[in-house]
Amino acid sequence: MTTRTAASRPPRDRRAVGSLAALLAAHSISQTGNVVTAFAIPFYVLALGGSGVEVGIAAFFATIPILIGGPFGGVVVDRVGHRRAAIVADLVSGVAVLAIPVLALTVGLPFWALLALVFAAGLLDTPGQTARRVMLPRLTEQAGVRLEQSVGLLDGSERFARLIGASVAGLLVALVGPIASLFVNAATFAVSALLTWLFVAVVPRDEQAQRPDANDAGSRTSYWADLGEGFRFVARDPLMRLIVGLVLITNLFDAARSSSLLPLYANDRLGGAAALGLLVAVMGGCALLGNVAFGFVAHRVPRRVTFAVCFALAGGPSSAAFALGAPLPVLVAMTAVSGLAAGAINPILGTVELERVPEHMRGRVFGLINAGAWAGVPFGALIGGIAADTIGLSMAFGIIAVAYVLVTLSPLTGGSWRLMERDQRPPSASSRPGDAPNPSAPGPSAPDLPASGPPSP
């Protein structure tokens, strides 16, 4: 395996640079709308007199589509084309989101209908995010950018979306109410689809060269065979199994915090949505700074140790501060520390996944990884609401703080976690033509999260 040096990198293609920038912008705008929804829905439920359990149920229906759209939509992304899938996903999600305020302001929106629309709006969101992530390596190679840097930029665009979206959402919910603010979300999906359609170039698909049966119409695999192939890849790769397991647990904790505990805490002790908007904006802004800073050193630091330490800092200290009932300035400071540390997590995960997964399988494999990593999110949101009503907010945050640190330090134990380091790519990924370039060393996201790397601390 040879090292790609700066001198051997391909010259930058200006069109590819523009396409990469448009892709990042579309992703950021789409994610901004999702932040608005994440604010609007729980406060709408609370405004109707809903309890913590009902907030958790709404969050459950907002996140359960990931478990369906991730694996089943990933195969469709591979089959219909990544650019087309991203555009269609944005348009369908936008229509579903638009229906929420339209119905609420006209004929009325009962709780069950809200749950149905929230579910529909999220069903294609994960396939759309997966499609944009799968387009990233080839645009990155053509643009002459390091893979780790472009993955960091994609994650940074999500962090930027949280920074902007949280500030806008907090103000919108406070000024015009949660339902009216959802018009902004619908608009963001439309703008994201338009940017992708107009400015993101079609990425050549090399499946014909990579798959010996691709030119034989009689031997083309079925949808279910493709899905099974992706599942077997994830199940047999020891590092992918560890990543899915770890992020499943941490995303469960994150969902309990962000979808249920934090809105309830802000409503009960911090004065409402504006304070929550400040905290989420600080998290997003500092994570964005962490992304930028990490991009300069990503190819020089050990991945495994950096990943474990930053992951522990991303969830433990801030949860402990809420558990102790710290004043708002302290909460902001600890959230800033968590955000800076979180900036390194998704770039590492996303780069490792792109390096290890063959190109023709990335849509379905990323969808399965996202589904597995996010499997605990709906239940975390529901458990968070139940915990708030039973053991109380402080105790719930305290349990999360301790468990989060213990779980996220597990990569330091070694074993298959050592495969995160460079030079550890499996032959199935590195030997295929057209696979991801390896510009940073010899040789997702994962999911907001999501996604889009899975984790979203």
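1. Glu421 sits in the loop between helix H18 (393–408) and helix H19 (427–430); helices here are DSSP runs of H or I, at least four residues, numbered from the N terminus. This is a predicted model, where local features need pLDDT of at least 70, side-chain atom pairs count only at pLDDT 80 or more, and totals for chains, interfaces and linings use all residues. Residues are numbered from 1 along each chain as its sequence is written, and side-chain values use heavy atoms, leaving out hydrogens and water.

2. Glu421 counts as partly exposed because its relative accessibility is 22% (buried is under 20%, exposed over 50%, partly exposed in between, with a 1.4 Å probe and protein chains only). Leaving aside residues up to four places away in sequence, Glu421 touches Pro302, Arg303 and Arg304 (contact: heavy atoms within 4.5 Å). Its C-alpha atom is 9.7 Å from that of Ile348, 73 residues away along the chain.

3. Now for H6, residues 125–143: its 19 residues should span 27 Å at 1.5 Å a residue, and the end C-alpha atoms are 26 Å apart, so the two agree (the expected span is 1.5 Å times one less than the number of residues).

4. Still, H6 has a kink of about 35° at Leu136, shortly before Pro137 (the angle between axes fitted to the seven residues ending there and the seven starting there). H6 is mostly covered, with 17 of its 19 residues buried. Gly144 follows H6 and has a positive phi, near 70°.

5. Last one: Val309 belongs to helix H13, residues 303–323. With a relative accessible area of 38%, Val309 is partly exposed.

Notes:
Helix = DSSP H or I, 4+ residues; strand = E, 2+ residues; numbered from the N terminus.
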